Amino acid sequence: MTLLTIDGVWKRYGEHEVLKGVDLAVDTHEVVCLIGASGSGKSTLLRCVNLLETVDDGAITLDDVEITDVRADPDDVRKRIGIVFQAYNLFPHMSVLDNITLAPRKVHGVGRAQAEEQARELLTRFGLESKARDYPDRLSGGQQQRVAIIRAIATQPRLLLLDEVTSALDPTLVNEVLGVIRELKESGMTMILATHEMGFARDIADTVCFLADGVLLERGHPDQIFGAPKHPRTREFLSRT
Amino acid sequence: MTTTWVKSDRQKEREKLLKARARRSVSAATISTVVVVVLVVVGLRASPGWPVVQEKFFNWDALVASLPDVLRGFLLNVTIFLIAEPVILLLGLGVALLRGLRSPVFFPLRALAALYTDIFRGIPVLLLIFLIGFGVPALRLQGAPNDPVVLGTIALILSYTSFVAEVFRSGIDSIHPSQRSAARSLGLSHGQTMRYVVVPQAVRRVVPPLLNDFASLQKDTALVATLGPLEALRQAQIYAYDKFNYTSYVAAALLFVALTVPMARFTDHLAARAARQRGGAT
């Protein structure tokens, strides 16, 4: 069943065109990995899906409703989509528990006791139960990013966007974050990841999409993309990584 | 691969909707503004004392008659402001930098700077103007100024420098320590780090609160009137006592507003530009 469709999306900053008519469909429970060089438009595509950027043309639909409709309420759309950023973006003045329970309590109207119980369950599941009362600056990068992922899924979104979530981490910390994402896939979370971790993309993705200069040049099963890429630019990109 | 963008019908439809919404916003704003203005005017004119108030405060003839004198006085306010402002900026930054010195040798300077801000931020501006304006001439020191304008300006500078120093200090403190580390790691001294790396970033960050203090300073130049010089408030007062009509006060108020409003808009403009530079995502 199709959860999200991206249909001919264009995005430009002044004269610079970042996305040039991107089409993409994502099924429920599907994991899509976006690969491509920095500046190819991966992050911008994710930001468009979360309505952090307004598209200049084209449409994005979630659950068969167009979310890029100018009459749609962006906050209502974002309630159903979680996003995790490269730089974690945790709120430094709140404890881990408060970071996670903020949206459930203030946006979704969950009571404090219930929200904290759910947050503690998630923290336990991802091995962070001892950090509930700590502040983000006391945590390692890997722990902060895991908290950021928990914060994004605490509202039980329909779709999770992950924007190069391991790019700011050193190699020893990357695995703990990738482990969390792997577990989310097993639990059936629909995800779109922009990533530079090719091995991980091959391992976890149902579909891999290669973007270059704002165009989605090639898409397919990870074995096909990594094993027998059709487009010369995909071959060139993969040979350099 | 080249792809050129041809605007789709969907996008044209979307832009039409956005334009219609913008038009609705403008008309809603216009209607609510008109309603509010009408309510205020009708409410004022309906109050029982309105005819007297209109005669004593909003008298066109009195406005025209008093304006030249008030305006002449106002030029003195502007002069005081223009002289005080750059001095305050320099001294304020100086005091802030003194408080940031780390070496134990500089403890006396640091303590002095802290003492200065503690004392002068605590004294009401009007009180300080009295103390300096009447106190300094009473000392009968050789060469000490006794012109009330000069004394009043000195009092304003002393008071506002203490506020501005704190604004600068908070700006300097808000620059992330990693910037300092990066500069020191390149071999820059403490002074060079401040001069080339920290202060330029700090100043940009504190421009809005600084302009806020200066709007306040513009108004407080009127307090110098208490020492006797013929600035705008004093001129307005003379006219009011002479003709028993307070329209001159309104004239003075209008002049002060005319000076602070452009400054406020300028502050907004700077804040908006800073927000755009940080990236416009909502």
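How do the residues of the lining of the largest cavity divide into nonpolar, polar and charged? The lining has seven nonpolar, four polar and two charged residues. The model examined here is predicted.

**Cavity**

One cavity of 30 Å³ or more turns up in a search of the whole structure. The largest cavity holds about 60 Å³ of space. Its lining has 13 residues, and the closest to the centre are A:Val165, A:Thr166, A:Leu193, A:Ala194 and A:Thr195. Three elements of chain A each give two or more residues to this lining: strand S7 (159–163), helix H6 (171–186) and strand S8 (191–194).

The largest pocket has a volume of about 720 Å³. It is lined by 23 residues, with A:Asn50, A:Arg78, A:Ile81, A:Ile83 and A:Ala103 closest to its centre. Helix H2 (74–78), strand S6 (81–84), helix H3 (96–106) and helix H5 (141–153) of chain A supply at least two lining residues each. By class, the pocket lining has eleven nonpolar, seven polar and five charged residues.

**Positive phi in chain A**

Most residues other than glycine have a negative phi. Two residues of chain A have positive values. A:Leu51 has a phi of about 60 degrees. It lies in the loop between helix H1 (42–49) and strand S4 (57–62). A:Gln156 has a phi near 50 degrees, and its place is the loop between H5 and S7.

Are these two residues buried or exposed? A:Leu51 has a relative accessible area of 15%, under the 20% limit, so it counts as buried. A:Gln156 is exposed because its value of 65% is over 50%.

A nonpolar patch on the surface is formed by B:Leu126, B:Leu127, B:Phe130, B:Leu131 and B:Phe134. Together they have about 460 Å² of accessible area. B:Leu127 is found in helix H5 (residues 125–138) of chain B. At 45% relative accessibility, B:Leu127 falls between the 20% and 50% limits and therefore counts as partly exposed.

B:Gly152 sits in helix H6 (residues 148–174) of chain B. Its relative accessible area is 0%, so B:Gly152 is buried. The C-alpha atom of B:Gly152 is 9.5 Å from that of B:Pro229, although the two residues are 77 residues apart along the chain.

**Accessibility by residue**

| Residue | Relative accessible area | Class |
|---|---|---|
| B:Gly152 | 0% | buried |
| A:Leu51 | 15% | buried |
| B:Leu127 | 45% | partly exposed |
| A:Gln156 | 65% | exposed |

Conventions:
Residues are numbered from 1 along each chain as its sequence is written. Chains are lettered from A and ligands numbered from 1 in the order in which they are written. This is a predicted model: local features need pLDDT of at least 70, side-chain atom pairs count only at pLDDT 80 or more; totals for chains, interfaces and linings use all residues. Side-chain values use heavy atoms; hydrogens and water are left out. On a 1 Å grid over the protein atoms alone, a cavity is a set of points where a 1.4 Å probe fits but cannot get out, and a pocket is an open set with protein on both sides within 12 Å along at least five of seven lines; lining residues have an atom within 4 Å of a point. Grid points are joined across faces, edges and corners, and a volume is the space filled by probe spheres set on the points. Helices (H or I, at least four residues) and strands (E, at least two) are DSSP runs, numbered from the N terminus. Ala, Val, Leu, Ile, Met, Phe, Trp, Tyr, Cys and Pro count as nonpolar, Asp, Glu, Lys and Arg as charged, and the others, Gly among them, as polar. Patches are made of residues with over 30% relative accessible area and no salt bridge: like charges are joined within 9 Å, nonpolar side chains (Val, Leu, Ile, Met, Phe, Trp, Tyr) within 5 Å. Accessible areas come from the Shrake-Rupley method with a 1.4 Å probe; for residues, only the protein chains shown count as cover. A salt bridge is a side-chain nitrogen of Lys or Arg within 4 Å of a carboxyl oxygen of Asp or Glu. Buried means under 20% relative accessible area, exposed over 50%, partly exposed in between (1.4 Å probe, protein chains only).
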